[in-house]
Amino acid sequence: MAIILFSDFGAHDLYVGQVHVVLDRYAPGVRVIDLLHDAPSLNVRASAHLLAALVRQVPRGHVFMAVVDPGVGTERKAAVMRADGRTFVGPDNGLLSVVAARSTTRQYWQIVSHPPDISASFHGRDLFAPMAAAVVTDDFPNERVKAVPDLAVTLPGDDLAEIIYIDHYGNAMTGLRGSALPADATIGAGASKVAHARVFDEVPAGTAFWYVNSIGLVEIAANRANAAALLALAIGDAVQCVARTQS
Amino acid sequence: MAIILFSDFGAHDLYVGQVHVVLDRYAPGVRVIDLLHDAPSLNVRASAHLLAALVRQVPRGHVFMAVVDPGVGTERKAAVMRADGRTFVGPDNGLLSVVAARSTTRQYWQIVSHPPDISASFHGRDLFAPMAAAVVTDDFPNERVKAVPDLAVTLPGDDLAEIIYIDHYGNAMTGLRGSALPADATIGAGASKVAHARVFDEVPAGTAFWYVNSIGLVEIAANRANAAALLALAIGDAVQCVARTQS
Amino acid sequence: MAIILFSDFGAHDLYVGQVHVVLDRYAPGVRVIDLLHDAPSLNVRASAHLLAALVRQVPRGHVFMAVVDPGVGTERKAAVMRADGRTFVGPDNGLLSVVAARSTTRQYWQIVSHPPDISASFHGRDLFAPMAAAVVTDDFPNERVKAVPDLAVTLPGDDLAEIIYIDHYGNAMTGLRGSALPADATIGAGASKVAHARVFDEVPAGTAFWYVNSIGLVEIAANRANAAALLALAIGDAVQCVARTQS
């Protein structure tokens, strides 16, 4: 069993290392995997959809610490969730709710006891990492949580017709799952329309297309080019299924 | 006992991985934690203050390899330091000296024997990583070091009234510890003045404020906005306590 | 024995973590080292030369997963190679061929059986990571490979007189090995000429020079300045040995 980290802490920044120090302290010897630390910054909705897609690539049994937390230090609740054999620890601000909506089995707890020396701004280190360590070391449920019937904040689990992530190649992932679109659909994104291709080399270099990417999402890409720059796409931009190419 | 890495090697660059290869060779099975690899580039003073703040977040017993080393390949000395139960390996250029100044117990060694095939430009890999591995595997002190009464280069251990780090959210950390300022102080940074808030959501979105951050430093931030961009702040900019808000 | 990762997946992006999840699944307990994930993006030739230089810094016995793969999803072959005591898994698109050309002993296999649920765009996760895990756990050769006499795609193993990598300090590495140039050579890069220095502090601050870097390559750098910005250098730019300073 490993601890899988998903956050917007920034892979190159000084936050992730501090989380690793805490996990090493409370869960020594446990493997920690940095799944993503550049989730859409402070963007809970896009991050929730990205997390839901990524989770499907991780075997059951692991413990996720998922933190995108613009409301840290306020009254937002903190949650532990078990869904389809995986456990999640994170803020109860909607981030875990898309995973929840798409899962068959779910159990929820609210974290009710905070460490005495907790900081106001870094609950990833001070609250969620110790709790993830507790889960992975089987000290869970414990006196720091209480069972609750649902998350306090939930987002719809439906597909999200927006750009939710742009990778360093410039590929723009949407919150649409591949199953939502027929292969002959044309997608509108920004001022452009893009047709489907199966792989990058099916279109000429510099041409944009859409395909179902390796985490099951509809992605707008370009062969040997930066699609997001080419089409001026940004996280949050709406996408539409504008036409069936041939019908 | 883990090896904790702090450097300006760049988290995404080709240097950190080479350090890990060496540590795996000389300290196999030991956990290595990347605390920060984007310390202020070639900026020893800012990095020294940042290191001193971060160190307090790491339990005693661990071994730090700390390298920000613009003078690599010159006559600068190389040091091992024990301070308050932690061991540090790095260049003797001031980087370790703020930690030293703020510690109660201190011991120093100079590294006097260099590996025969050492490169001129990457002592992190060739000198400091093997020494950190020696410390963590208890092959220390060894014939490669000699005890010395102090570091060769020391910086003042006082608070530093400058921006020392800007994180990827745009939060600008100063070298002032939170204990240095009363909560009703107003801080001048660049052409702006900012008042205190306890957490981000206490001020309107887009408003800058200062608070004591999760590593105990005075930090200039903005609610759901990039403070450094908003106020045009850069590492090295002076900050001042300009007024008490109400007195 | 560790698994060493070299790719253009982007250290901060969502791909590397997924590879770690697969390696944890198929090679649990094995150390995985991220050597470099920001190899020149989609640039097989520059990456092949950079890989060949880095490999020399890694002890024999380890398993490399090396993936820079613009043709993923096309008919390009997939390879396993043993060269001078190290094993490599990656696309057969030239990436491994510079290592091969500079090695004394070589053995090659083609990966002939693909997992049934393989994605079209992420063979790093779906094809190469499971194969690297097989190698490291001694399940190799197996029924998924067949021995072949050579790689399908080979690049020349000679030095490459181009910029192949620019690090975050702005140092520009060439594909020329240090042994190729006498120390009194002057190098032309872009519109500029740079002379040799042994270490950064041998030249005035802001001055560009060349030296043999810590991985054995001719590198154009500048003392306390960004050489690539100073000389407007980019990956792919040609470099020339224009003169001997004194002869």
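**Chain contacts and a helix pair in a predicted model**

C:Arg31 and B:Asp24 form a salt bridge, with the closest N and O atoms 3.3 Å apart. The model is predicted. Between chain C and chain B the count is one salt bridge. Residue pairs in polar contact number 11 between chain C and chain B, both residues being at pLDDT 80 or more. Two elements of chain C give two or more residues each to the side that touches chain B. These are strand 2 (32-36) and helix 2 (44-55). Strand 2 of chain C gives the most, with four residues. By class, this side of chain C has 17 nonpolar, five polar and seven charged residues.

The size of an interface is often given as the accessible area lost when the parts come together. Chain C and chain B bury about 2300 Å² between them. Carbon and sulfur atoms carry 58% of that area. Three residues stand out on chain C: C:Arg31, C:His168 and C:Tyr169. They supply 28% of the area that chain C buries against chain B, more than any other three residues. In contact terms, 29 residues of chain C meet 31 residues of chain B.

Chain A also touches chain B. Here 31 residues of chain A are in contact with 29 residues of chain B. The two chains bury about 2300 Å² between them, 58% of it on carbon and sulfur atoms. A:His12, A:Leu14 and A:Val21 supply 25% of the area that chain A buries against chain B, more than any other three residues. The count between chain A and chain B is one salt bridge. It joins A:Asp24 to B:Arg31, and the closest N and O atoms are 3.3 Å apart. There are 11 residue pairs in polar contact between chain A and chain B, with both residues at pLDDT 80 or more. Helix 1 (residues 15-26) of chain A contributes seven residues, the largest share of the side of chain A that touches chain B. That side has 13 nonpolar, 12 polar and six charged residues.

Helix 1 of chain A also packs within its own chain. Its partner is helix 4 (residues 123-136) of chain A. The angle between the two helices is about 35°, and their axes are 9 Å apart. The crossing is right-handed. From helix 1, the residues that meet helix 4 are A:Gln18, A:Val19, A:Val22, A:Leu23 and A:Tyr26. From helix 4, they are A:Gly124, A:Arg125, A:Ala129, A:Pro130 and A:Ala133. The residues of this contact divide into seven nonpolar, two polar and one charged.

Note on methods: Residues are numbered from 1 along each chain as its sequence is written. Chains are lettered from A and ligands numbered from 1 in the order in which they are written. This is a predicted model: local features need pLDDT of at least 70, side-chain atom pairs count only at pLDDT 80 or more; totals for chains, interfaces and linings use all residues. Side-chain values use heavy atoms; hydrogens and water are left out. Contact means heavy atoms within 4.5 Å. Buried area is the accessible area (1.4 Å probe) that two parts lose on being put together, summed over both. A salt bridge is a side-chain nitrogen of Lys or Arg within 4 Å of a carboxyl oxygen of Asp or Glu. A polar contact is a pair of N or O atoms within 3.5 Å; within protein, one must be able to donate a hydrogen and the other to accept it, and residues adjacent in sequence count only if both atoms are side-chain atoms. Ala, Val, Leu, Ile, Met, Phe, Trp, Tyr, Cys and Pro count as nonpolar, Asp, Glu, Lys and Arg as charged, and the others, Gly among them, as polar. Axes are lines fitted to C-alpha atoms, for helices over the stretch in contact, and angles run from 0 to 180 degrees between N-to-C directions. A crossing is left-handed if the near helix is turned anticlockwise from the far one by less than a right angle, and right-handed if clockwise.
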